[in-house]
Amino acid sequence: MSEQENSSAVLTPSEADAPPARRKMTLNMGPQHPSTHGVLRLVLELDGETILSATPDIGYLHTGIEKEFEEKLYQQGVTLTDRIDYLAPLSNNLCYCLAAEKLLELEIPPKAQWMRVMLTELTRLNSHLVWLGTHAIDIGAMSVFLYCFREREEILRIFEMFSGQRMMTSYFRIGGLALAPPRGWRERVKKFIDVFPSRVDEYENLLTNNQIFMGRTQGVGYMSLEDMLDLGITGPMLRAAGLALDARKQEPYSGYEKFDFTIPTRTESDVFARYQVRVEEMRQSARIVNQALEGMPEGPHTADAPKVVLPEREKMKTQMESLIYHFKIVTEGFRVPAGEVYQIIESPRGELGYYMVSDGTSKPYRVHIHGPSFGNLQGLPKMIEGSMIADVIASLGSMDFVLGDTDR
Amino acid sequence: MTLSEGLELFALSRSERLGELTVEIAPEKLVETCHFLKHELQFERLSSVTAVDRYPSEPRFEVVYHLQSIARKERVRLKCLVRGDHPEIDSATIVWRSANWFEREVFDMFGIHFRNHPDLRRILMPDDWDGHPLRKDYPIAGPRA
């Protein structure tokens with residue numbers, strides 16, 4: 001078929017007469033586009049370089065984790081939670097454990113709570129560092145990435161020291177921590193967190209007053225607070241629009257009410273404001289880690305609940321009772337009283353919710369994960385429609401979604 | 001007006017356990033209740049929508065809505081029971097636009113239809129997929145196992 005016949009089959013006569021620039025074009029962005037940070041497909045309808053409409057297509061990373069939970073014992077489910085938001089595994093560990101602990105009405109000892117706070121804040125740093133490095137690359141600032149990954153590497157080494165794993169840590173367990181904190185952890189974390197604020201200064205030196213970065217981000221990706229609330233957006237994006245909504249303050253969990261930190265906000269609600277909020281959040285997280293180091297309580301790292309928490313290795317080998325409990329937990333799990341809870345935490349990306357339904361057996365009847373990326377991504381079309389195609393990359397980066405969290 | 005006074009008008013039953021309030025609503029009253037909660041009681045946010053499959057008992061599905069009021073620092077869980085032979089309920093998208101994707105996920109995973117939804121398509125599974133994976137009668141290893 002000749003080119004002319006082909007185009008007349010698609011276009012109406014008036015459209016065919018229009019100059020090429022006025023014709024609508026459909027552009028497939030992704031699912032393997034590097035700036036979509038995972039496998040997100042965007043169907044963009046363009047008029048020249050202006051976005052007329054955007055339709056996100058998700059599900060490429062759907063792994064059926066919610067179904068999988070129903071077939072696993074409660075304690076086995078922890079390992080699945082790491083794989084949901086793979087940049088913030090400990091936040092997911094924490095939310096899952098808190099939900100199960102609420103159903104079990106377990107009291108968690110202070111040391112475990114503080115340890116959890118310290119490590120989830122390091123997770124927030126880890127996640128924000130990956131975000132900042134990749135976001136800067138997307139916009140064209142290559143070197144920031146190298147700086148960010150230098151610090152991220154040290155955080156991953158700290159995770160490895162605690163749990164034996166760099167990313168899929170599964171360090172929080174129902175009833176406390178998986179292992180006693182390793183020897184020398186305090187010095188290691190202290191050494192890192194003492195220099196970290198000066199490292200944040202370095203990132204800011206590279207970006208905050210950088211004319212190119214400002215030009216690419218200021219006034220880009222604006223969205224009103226009303227639209228954000230209506231579309232289900234949470235986290236740093238909401239705070240950059242002026243609302244200081246943070247579950248750590250609003251509905252404190254795991255002892256966050258004992259820590260002194262502020263919730264940074266901006267009102268411009270553009271890509272640059274989101275950058276400022278996240279950078280300030282890194283400084284606040286460092287403050288929390290410092291306070292956790294200074295005030296770390298002594299005591300056990302697991303709850304006194306022999307039917308739920310695995311006994312120490314030593315006791316298991318010397319005490320008959322511990323051996324029996326160990327055998328029972330490993331082979332048949334523990335029963336969780338029937339009921340339902342919706343546990344909220346503030347993940348690096350926003351409101352993370354686990355809705356857990358128990359029917360009284362040792363496997364959850366239903367676990368629903370409300371990932372912050374899922375709600376946030378829903379606002380994308382509203383944010384980019386009417387803007388230029390180059391701004392899509394900046395806007396996408398400012399949302400900081402993780403597709404594992406979106407698709408589960 | 002407090003939350004409990006406001007819910008008197010709509011609730012079929014209510015229970016409070018572990019510090020969380022659960023209210024059962026008749027499915028045909030859902031949109032009216034959501035509208036009331038949003039505009040009279042400042043429940044600005046719809047936090048999540050999901051479902052629980054109680055197969056084989058009837059009514060089979062519980063459609064669960066988690067609402068948050070930032071101004072009042074309160075949360076509430078709404079529940080609607082839906083029958084399995086013809087699972088259908090009104091969409092909450094006219095109250096909160098965020099319900100769009102949340103309900104699409106429930107449709108995809110449980111096969112519950114949302115009336116008046118602007119764009120009810122599968123969201124996570126492929127468009128040509130058979131069955132709804134989170135139903136209890138859907139095998140864990142997939143339909144061909």
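Residues are numbered from 1 along each chain as its sequence is written, and chains are lettered from A and ligands numbered from 1 in the order in which they are written. Because the model is predicted, local features need pLDDT of at least 70 and side-chain atom pairs count only at pLDDT 80 or more, while totals for chains, interfaces and linings use all residues.

Chain B contains three helices and seven strands; helices (H or I, at least four residues) and strands (E, at least two) are DSSP runs, numbered from the N terminus. Their order from the N terminus is α-β-β-α-β-β-β-β-α-β. Chain B is as compact as a globular protein of its length, because its radius of gyration is 16 Å, close to the 15 Å that the globule rule gives for 145 residues. This radius is taken over C-alpha atoms, and the rule is 2.2 Å times the number of residues to the power 0.38. Along the principal axes, the C-alpha atoms of chain B fill a box of roughly 55 × 30 × 25 Å.

Of the 145 residues of chain B, 41% are buried, that is, 20 or more other C-beta atoms, placed from the backbone, lie within 10 Å of the residue's own.

At the interface, 28 residues of chain A are in contact with 26 residues of chain B, contact meaning that C-beta atoms, placed from the backbone, lie within 7 Å. Several elements of chain A each supply at least two residues of its side, among them helix H3 (65-69), helix H10 (225-231) and strand E7 (350-358). The largest share, four residues, comes from E7(A).

Methods:
Two residues are in contact if their C-beta atoms, placed from the backbone, lie within 7 Å. A residue is buried if 20 or more other C-beta atoms lie within 10 Å of its own, exposed if 12 or fewer, and partly exposed in between; C-beta atoms are placed from the backbone.
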